[in-house]
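Me: I would like to learn how to read a model feature by feature. Can we start with the backbone?

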Amino acid sequence: MSDLHAYPSANIDVQYDVKRCIHAGECVQGAPKVFDPKRQPWVDPSQAEASATADVVMRCPSGALHFSRNDGGSEETPDAVNTIAIQPDGPLFVRGDIRIETQDGEVILTDTRVALCRCGLSKNKPFCDNSHIDNFSDAASLGTISATEPSGDSRVLTVVPSGNGPLLFRGPVSITAADGSTSTTQKCALCRCGHSSNKPFCDGTHREVGFVSAG
């Protein structure tokens, strides 16, 4: 069975990626008539005005939900500013003009919203799959970084999961901790083994703990 599901309606179609869903609940709370887990099918876009449904879909932090308009309404666009929100005991919520690439430059995904694993336990790396629950503890504070100020005209935030190492970010991005403190940079390496002493930034501990990024 495919992990991708489409739910059409006259004015808006909703797409759902099962593997990317981390059950954040934004959809069910924001539009309970459209998103009802007790109903089959659980998504019915005809139950609300298209723009309202689109707004709720955009709240999905993992990018498991997307939409396409059939009524001429505005399609999904990236946020004006690329952001990374560190979740306490959880993943990195990334929003903006995102491009995930291999180390060889092959584009894996372009998106506006992703939830990236930082506990090291996900079976769907680099994406979060909720393996952090009951297995990872971190207050989501902002460690020390030598910030590189954004420069140039490109707004794209490129993410490269390094082999058995950190997530490499290139492009303008603002990183926000749970207490609201922020750091803006053009280049950084964020821990995804779960053991850095300078979270969310990598400090090389992945080599000591034998972190394996695949398999």
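Me: Where is the place of Pro41?

Reply: Pro41 sits in the loop between α1 and α2. Helices here are DSSP runs of H or I with at least four residues, strands are runs of E with at least two, and both are numbered from the N terminus. This is a predicted model, where local features need pLDDT of at least 70, side-chain atom pairs count only at pLDDT 80 or more, and totals for chains, interfaces and linings use all residues. Residues are numbered from 1 along each chain as its sequence is written, and side-chain values use heavy atoms, with hydrogens and water left out.

Me: What is the peptide bond from Gln40 to Pro41, cis or trans?

Reply: Most peptide bonds are trans. The one from Gln40 to Pro41 is cis, with omega near -5 degrees. The bond from Lys199 to Pro200 is also cis, with omega near 5 degrees. Pro200 is in the loop between β9 (182-190) and α3 (205-209).

Me: How do I read phi?

Reply: Most residues other than glycine have a negative phi. Asp134 is not a glycine, yet its phi is positive, about 65 degrees. Asn164 is not a glycine either, and has a positive phi of about 55 degrees.

Me: Where does Asp134 lie, and is it buried or exposed?

Reply: Asp134 lies in the loop between β6 and β7 (157-161). Buried means under 20% relative accessible area, exposed means over 50%, and partly exposed is in between (1.4 Å probe, protein chains only). Asp134 is exposed, at 77%.

Me: Where does Asn164 lie?

Reply: In the loop between β7 and β8 (167-176). Asn164 has 38% relative accessibility and counts as partly exposed.

Me: Which residues is His206 in contact with, leaving aside its neighbours within four places in sequence?

Reply: Contact means heavy atoms within 4.5 Å. By that test, the partners of His206 are Asn164, Gly165, Pro166, Cys193 and Phe211. His206 is in helix α3. The residue is buried, with a relative accessible area of 10%.

Me: Which residues are buried in helix α2?

Reply: Helix α2 covers residues 50-57, and its buried residues are Ala50, Thr53, Ala54, Val56 and Val57. They cover an arc of only 165 degrees around the axis, so they are on the same side of α2. The arc is that of the directions from the helix axis to the C-beta atoms.

Me: What do the buried residues of α2 pack against?

Reply: They pack against β2 (12-17), α1 (26-30), β3 (65-69) and β6 (107-116).

Me: Now the whole chain. How do the elements run from the N terminus on?

Reply: The order is β-β-α-α-β-β-β-β-β-β-β-α. That comes to three helices and nine strands. The radius of gyration is 18 Å, close to the 17 Å that the globule rule gives for 215 residues, so the protein is as compact as a globular protein of that length. The radius is taken over C-alpha atoms, and the rule is 2.2 Å times the number of residues to the power 0.38.

Me: What box do the C-alpha atoms fill?

Reply: The box is roughly 50 × 40 × 35 Å, taken along the principal axes.
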